[in-house]
Amino acid sequence: MAKTLSARNIRNIGGKGAHLEFLARIGCNVPRWFAIPSDTFRTYLHKNNIKDMVEEITGNIDFSHPENVQQVSSAIASLFESHEIPLSVFKPILRKYGNLCVPMSFVAVRSSAGEEDSSLYSFAG
């Protein structure tokens, strides 16, 4: 059993998720949880053929103008809302959720990106 954090896990489920995985692996009492890996997001972009659109939209961010950041954020949200979550993405999430709790129960959700845990991007949004 590895006694160190996996760099791949940090990139794929973020630092906090990788630490939870590590604590569970070494036998600590960790509440039931699951992570949706960043690969899942890339699959969503690929299956909907919207990666280039997202890159085009985000290429126009002007962080010195909050109203521009809001406009770009709204444009990305609208793009995502207009595309279905493919079954190849949705089914594994639903299965993990079903293994975690009784369906239709409330759960806590935390959104994170692997980069948020770095010294450069340590401002969760």
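In what order do the elements of the chain run from the N terminus on? They run α-α-α-α-α. This is a predicted model. The chain has five helices and zero strands. Of its 125 residues, 21% count as buried. Contacts also reach along the sequence. Among those between residues at least 6 apart, 49% join residues at least 24 apart.

Start with helix 4, residues 66-81. It has 16 residues, which should span 22 Å at 1.5 Å a residue. The end C-alpha atoms of helix 4 are 22 Å apart, so the model agrees with that expectation. Which residues of helix 4 are buried? They are Asn68, Val72, Ile76 and Leu79. Around the axis they cover an arc of only 70 degrees, which puts them on the same side of helix 4. The face turned away from that buried side carries Pro66 and Glu81, both exposed. As for the buried residues of helix 4, they pack against helix 3.

Two packed helices are described by the angle between their axes and the distance between the axes. Helix 3 covers residues 51-58. Helix 3 and helix 4 pack at about 170 degrees, and their axes lie 9 Å apart. Angles over 145 degrees count as roughly antiparallel. Helix 3 and helix 4 are therefore roughly antiparallel to each other. Their crossing is right-handed.

Which residues make this contact? Helix 3 brings Met53, Val54, Ile57 and Thr58. Helix 4 answers with Val72, Ala75, Ile76, Leu79 and Phe80.

Take Met53, which is found in helix 3. Is Met53 buried, exposed or partly exposed? Its relative accessible area is 37%, so Met53 is partly exposed. Met53 and Leu79 are 26 residues apart along the chain. Their C-alpha atoms are separated by 8.5 Å.

Now look at the loop between helix 3 and helix 4, where Ile61 has its place. Ile61 is partly exposed, with a relative accessible area of 28%. What does Ile61 touch, not counting residues up to four places away in sequence? The partners are Asn68, Val69 and Val72. Ile61 and Val72 are 11 residues apart in sequence. From C-alpha to C-alpha they are 6.5 Å apart in space.

Asn68 is found in helix 4. Its relative accessibility is 17%, and the cut-off for buried is under 20%. Asn68 therefore counts as buried. Leaving aside neighbours within four places in sequence, Asn68 is in contact with Asn60, Ile61 and Asp62.

Most residues other than glycine have a negative phi. Phi of Asn49 is near 55 degrees, a positive value in a residue other than glycine. Is Asn49 buried or exposed? At 65% relative accessibility, Asn49 counts as exposed.

The last stop is helix 5, residues 87-100. It has 14 residues. From its first C-alpha to its last, helix 5 reaches 19 Å, close to the 20 Å expected at 1.5 Å a residue. Its buried residues are Val89, Tyr97 and Leu100. Seen down the axis of helix 5, these fall within an arc of 55 degrees, so they line one face of the helix. On the other side of helix 5, Leu87, Arg95 and Asn99 are exposed.

What covers the buried residues of helix 5? The cover includes helix 2, residues 38-47. Helix 2 and helix 5 pack at an angle of about 150 degrees, with their axes 9 Å apart. That makes helix 2 roughly antiparallel to helix 5. Thr40, Thr43, Tyr44 and Lys47 in helix 2 form one side of the contact. They meet Ser88, Val89 and Ile93 in helix 5. Val89 is one of the buried residues of helix 5.

Technical notes: Residues numbered from 1 in each chain as written. Predicted model: local features only at pLDDT ≥ 70, side-chain atom pairs only at ≥ 80, totals over all residues. Heavy atoms only, no water. Helix = DSSP H or I, 4+ residues; strand = E, 2+ residues; numbered from the N terminus. Expected span 1.5 Å × (residues − 1). Buried < 20%, exposed > 50% of the residue type's maximum accessible area, 1.4 Å probe, protein only. Arc of directions from axis to C-beta. Contact = heavy atoms within 4.5 Å. Axes fitted to C-alpha atoms, helices over the stretch in contact; angles between N-to-C directions. Parallel < 35°, antiparallel > 145°, perpendicular 65-115°, else oblique. Left-handed = near helix turned anticlockwise from the far one by under 90°.
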